[in-house]
Amino acid sequence: MSHNLRELVFATNNPHKLSEVQHLLGNSFHLLSLNDINFNDEIPEDYDTLEENALQKAQYIYTITKQNCFADDTGLEVEALNGRPGVYSARYAGESKDPKANVQKLLMELKGVENRKARFRTVVALIIDGKEHLFEGIVDGRIIESERGVDGFGYDPVFLPDGYSSTFAEMNLSQKNAISHRARAIESLVNFLRNS
């Protein structure tokens, strides 16, 4: 494997995401955030699907930096809400992207709703040596009625993965990484990188 593959730009400035993914990649890759490469512009996300948004972000960074990079887009898809908030998960309650407000809005919309089935879906778009690759990770679960736990971020305090009694926010990083949607998508990415 050539040396330049081992350095990857992750198109994020979210420190939670960065540590989650670095944890998954282990020592075989050195992850650079947008901060690390002094990139401070807003990255456009103009599309209505996770796939298109992830690709748009990766292409944007690759065009500017010419460095191998990947971007992810994650959505919480709630069955009773026809798949919402989906691609709009981060700004569900408005452009301020306030996680607390997003969770409150979601709980309000599900008040009295019996079907609380939901899934987290992550799509990772990788651009390496100019070639694009997509990876997906899904974890099924349901939305509980009130927040539990303090770890994690976003909708983690109200998402209970199937087969578990702890929400994502009640799990430590290792527990969450063992089953999370992002972990599953990154795992596919890592396997691909190791075998390429």
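Start by selecting Arg182, which is buried at a relative accessible area of 3% (buried means under 20% relative accessible area, exposed over 50% and partly exposed in between, with a 1.4 Å probe and protein chains only). Arg182 belongs to helix H5, residues 181-195. Helices (H or I, at least four residues) and strands (E, at least two) are DSSP runs, numbered from the N terminus. Now show what surrounds Arg182: leaving aside neighbours within four places in sequence, Arg182 is in contact with Lys17, Glu20, Val21, Asp72, Thr74, Thr122 and Phe153. Contact here means heavy atoms within 4.5 Å.

A note on the model before going on. This is a predicted model, in which local features need pLDDT of at least 70 and side-chain atom pairs count only at pLDDT 80 or more, while totals for chains, interfaces and linings use all residues. Residues are numbered from 1 along each chain as its sequence is written, and side-chain values use heavy atoms, with hydrogens and water left out.

**Whole chain**

Zoom out and colour by secondary structure. Five helices and seven strands are present, and along the sequence they follow the pattern β-α-β-α-β-β-α-β-β-β-α-α. The C-alpha atoms fill a box of roughly 55 × 30 × 25 Å along the principal axes. Buried residues make up 46% of the 196. Of the contacts with a separation of 6 or more, 55% are between residues 24 or more positions apart.

**The largest core**

Next select Leu76, Val78, Leu106, Ile143, Tyr155, Val158 and Phe159. In the largest nonpolar core, which has 20 residues, these touch the most other members. A nonpolar core is a set of buried Ala, Val, Leu, Ile, Met, Phe, Trp, Tyr and Cys residues joined through side-chain atoms within 4.5 Å. Strand E3 (69-78), helix H3 (99-109), strand E5, strand E6 (131-143) and strand E7 each supply at least two residues of this core, and H3 gives the most, with three.

Centre on Leu106. Leaving aside neighbours within four places in sequence, Leu106 is in contact with Leu76, Val78, Leu81, Pro85, Tyr92, Ile143, Tyr155 and Val158. Two of these partners are worth a stop. Pro85 lies in strand E4, residues 85-86, and the peptide bond from Arg84 to Pro85 is cis, with omega near -5 degrees. At Tyr92, the charged end of Lys105 sits over the ring, 4.4 Å from its centre (the criterion is NZ of Lys or CZ of Arg within 6 Å of the ring centre and within 35 degrees of the ring normal).

Which residues form one aromatic cluster? Select Phe120, Phe159 and Phe168. The structure holds six aromatic pairs. Rings of Phe, Tyr and Trp (its six-membered ring) pair if their centres lie within 6.5 Å; planes under 30 degrees apart count as stacked, over 60 as edge-to-face and the rest as tilted. The ring centres of Phe120 and Phe168 are 6.0 Å apart with planes at 15 degrees, so this pair is stacked. The pair links distant parts of the chain, 48 residues apart: Phe120 is in strand E5 (residues 117-128) and Phe168 in the loop between strand E7 (159-161) and helix H4 (173-179). Phe120 is buried at 5% relative accessible area, and Phe168 is buried at 0%.

Asp156 lies in the loop between E6 and E7 and is buried, at 3%.

Move to Ala58 in helix H2, residues 50-65. Is Ala58 buried or exposed? Ala58 is buried, with a relative accessible area of 0%. Not counting residues up to four places away in sequence, Ala58 touches Cys69, Ala71, Ala125 and Ile127.

**Two lysines to finish**

Select Lys66, in the loop between H2 and E3. Its phi is near 60 degrees, a positive value in a residue other than glycine, and Lys66 is exposed at 59%. Lys97, in the loop between E4 and H3, has phi near 55 degrees, also positive; Lys97 is partly exposed, at 38%.
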